[in-house]
Amino acid sequence: MFRGLVNRPVLISMTVSAVSVLGLMALKRLPVSLVPEIDIPEAVVRISSPERSARDVYESLVNPLMLYLSQTQELTDITCTADDGRGRISMKFGYDADMGYVMMDIGERIDRAMYVWPRDEERPSVSRLSASDIPAFYIDVRLKPDFDEGMFAGMSSFVRNVVHRRLEQLPQVAMVDASGYLLQELRIVPDRDMLESAGITGDMLSMAIIEADVTLGGFSVRDGTCEYNVRYDASVKDREDVENVWLNVNGRGFRIKDLAQVREESRMVEGMVSSDGRRAVTLAVIKRADARMSDLKEAVSEVLHELEEEHPEMDFKVTRDQTGLLDYSIGNMTRNLLYGALFALLVIFLFMNNLFQALLVALSIPLSLLLSFLSFRLLGISLNILSLSGLVMGMGMMVDNSIVVLDSIAVHVRRGEQVSDACVSGTREVAAPMLSSVLTTCAMFLPLSLMSGTGGALFHDEAIAVAVTLFSSFAVAVIVIPVYCRAVYGADPAYALMRENAGSRAFGRVKEGYERILVRMLAGCRRTWTVPMAGITLGVVMFAIMEKEKLPPISRQDILLKVGWNEYLTAGENRSRCEELAASVSDILCEYTCMSGIQQFRLPQSGENQLNGATVYLKSVSPDMERAMEQRVSEYIGSRWPMAAYSFHTSGNVFDMLFPDDEPAITARLRKIDGSAPEPGELDALVAEISENVPWAVVPPVEWNRYVELTADPEIMSLYNITTGALASRIGGDGNRTVKTVSRGGTALPVVVNDGLDYAGAWREGFRMPAGDVSIPADVLLKERRKSDLKVIRSDSEGEYYPVSIDVPGRLAPGTVAAVERTVVESGKFRAGFSGSFFSGMELTRELCRILAVSVLLLYLILAAQFESLVQPVIVLSELVVDMAAALFVMWCCGISVNIMSMTGIIVMCGIVINDSILKVDTINRLRRAGGDLTGSVVAAGEMRFKTIVMTSLTTVLAMAPFLVRGDMGSDLQYPLSVAVMAGLVTGTAASVFLIPLEYRRICSR
């Protein structure tokens, strides 16, 4: 096969040209995203009941519904939360679950639950979590500073009816989620004097509107030979219809507008959005899964530019922009790719000392990349920080195969063969070990895609990218390089470029020194087994003392502050506190957005708050100021509002959603042994005792909801014929009743009737309840008790629990868990379960260790098949323990923890580092089969492959060197991986040139 290809340079050139064109076309059409597009097997059921307390929401709505949903197919975990006015059920499923079927199953179970659901309650909404539902960016729409905020209502209506729709019409936009609208309503405010004189109540006004809103279905009438369709429509459709509704009282007719004012007003505000101190409407723009992020940003920018020109009073500001993060990360990854290629070319030129040979090897880089891009397109892989990192890791290995082929051809030319024959025999000689090296490297990478959950799906792209790159470079090395060698050098074996070239004199002296050292070591060294044993010991010690976490630290410039004030605040006061908080760090703050109170977002990914809580987006002037900003905000909240509970979170990009790193290290789930709800006194005492027993950690206090419970005396009520409904309406009503909705300009307006009476706080004002000819004082009917209940009620499949979150370093986690468990057991009333990032990180580490063991087993099987020996693979694998120990030691010195990226780096390193050893063992075997003695073959193989091993190791190390510069998400994620790979490769190079020959001689001499 090789001889036929070498003699057909035109065919190969045309094939290369075709692949290059197709690769360029594929590159232009590849989707670009921050991380791979993967499904998240989670669903959220949200319940809304504004009038209910947290306990009532949990007992009446959430818990009964959870009983139905807990039997959903493929369900792995279910958790519930309930607070005042709303509930949430989060459901997680197996990663292989068919989410389309699962969503249908959830819908059917909710339908069955509706038979026991309170009749007046709204049906729960179900949403499926998806990485594609994370907003690409937010747009804060606000009035410019020189315009009065009184115009906000008009601006809000314009944004809702025009801006929102224009953005959703873009082909790159899946949907636009929004919050901050100032909604309107038609309020009917009666003239109290008119009502009293006519004997009319507010209920009469409400019933008149309801009864006037009638629409009959169509029916037919016959008139001779003709038949007509008739429809009766007396519906109340707009403001004018409401004003002209008639009611008859004691034989007198009145219209609504004669008795009351019908005016359009703003609804009561429960939440606000402000941007840099100005009230705003925020729009969360969600990208279609098949759209390119750059196209989305360009299309949205054009729309916003047009709107700014048409409406100069408005200001459109893009915040929380993932496209900037994507551009920055992808740009840095691409730049690192180019730097790695330049470094590799520099090494090649210095060692080969010839421009043409360097260019010939350099040709393999663009060809391999274009072939890889074409494969990406065919396999449906996008360009993201993980697939690009796979290309960068493969960069050094791209040129390795070409270097090995050129070196092998040069060896055959020096033996006196013609160039055309040397191209065939030299390529054939190294093709098998090169293919084995590619397979062993893939054997280390591909098991990463077998990780459970989103981790396996996430690193699928990286594993496939490395495999595609390696096979592409192998194809280029064995097909293209020999053809062009023969085409350029012809049949002249004396051509200077094909003569032995050991590089500079300095490298020649290094090579001679290596040969002398190797001969001496072969003559005197007997206990080579001590090196792997020392590696095992060092590796175990390093692994035991290093921190364990899920992800490495990532540079961030922005954070989300979520705060609950533990006080009942108006929306305006909530906003004022957020503004004050932002002002406390204004000197290091670049921009901020405050979302105070309940938000209007439809998707949970966009953001949601409690009524007396807020989410504040803070962006510092530089990434190094983020920690300082967190500390100053914490100190300000502690001094200004000590009752407030707060936490810091990531700003919510796709990677954060897949691998959230704001989970506390330990969460103790406290439950009553008898399954009842915890009493305030006993839970406070237990949490305080836990805090005393773990003085090295901060244990947050229990968040309680303080409320007043009113109970009525049923005997007195029955005596005076007072109904429960009448009393409840008198106590808690606000005098407003929504009777229907009408339309104005495509917007639905609720019609609200106010009966003209002031109900607010009536039970505190000593009101009297009418009962026939007398009235009963409030203190006779009602009794008041002050009580407490949990602010947020949580439960899972085991029942209700209270979470105690404790954030401690990994080394203190085991002691913290033991102390908490001991305290809970001693209480005698509670039991505890544990979760948190410490446990998930440990499980992730164990899974990666299992993957490493599987990968090493695959390596052994591949090597045993290649060498036709069960012993020789042990020689190659013996260096892995040394390389892994060295990588762990360097990581520990650099302050890098054991995390998913550093462990991936170790797995990657194991696949790369043994390639040189495979080539060396294969060369020794060939020399021995040719009749050489054991020691002579070992020394000769070391001399033949020394330059190739050093060159290939240097190209791979330098190709990854740019990742040592941190500062963006892509580089921060790849930094621990790069350190692990580079440390292991440097150690592995030394092991390949010294340890492998010694191990081979010791084992094969028996």
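Start by selecting Glu868: just after α27, this residue takes a positive phi of about 55 degrees. Helices here are DSSP runs of H or I, at least four residues long, and strands are E runs of at least two, numbered from the N terminus.

A quick note on what you're looking at: this is a predicted model, where local features need pLDDT of at least 70, side-chain atom pairs count only at pLDDT 80 or more, and totals for chains, interfaces and linings use all residues. Residues are numbered from 1 along each chain as its sequence is written, and side-chain values use heavy atoms, with hydrogens and water left out.

Now step back to α27 itself. Its 31 residues reach 44 Å from first C-alpha to last, close to the 45 Å expected at 1.5 Å a residue (that is, 1.5 Å times one less than the number of residues).

Next, color the largest nonpolar core, which has 68 residues. Such a core is a set of buried Ala, Val, Leu, Ile, Met, Phe, Trp, Tyr and Cys joined through side-chain atoms within 4.5 Å; buried means under 20% relative accessible area with a 1.4 Å probe, protein chains only. Helices each supplying at least two of its residues include α27 (837–867), α28 (872–893) and α31 (969–1004). The largest share, 15 residues, comes from α29.

Zoom in on Cys910, among the residues with the most contacts inside this core. Cys910 touches Met444, Leu852, Leu859, Leu880 and Met884 (heavy atoms within 4.5 Å), leaving aside residues up to four places away in sequence.

Last stop: a second, separate core of 51 residues, including Val361, Val424, Cys442 and Leu470.

How values were computed: Buried < 20%, exposed > 50% of the residue type's maximum accessible area, 1.4 Å probe, protein only.
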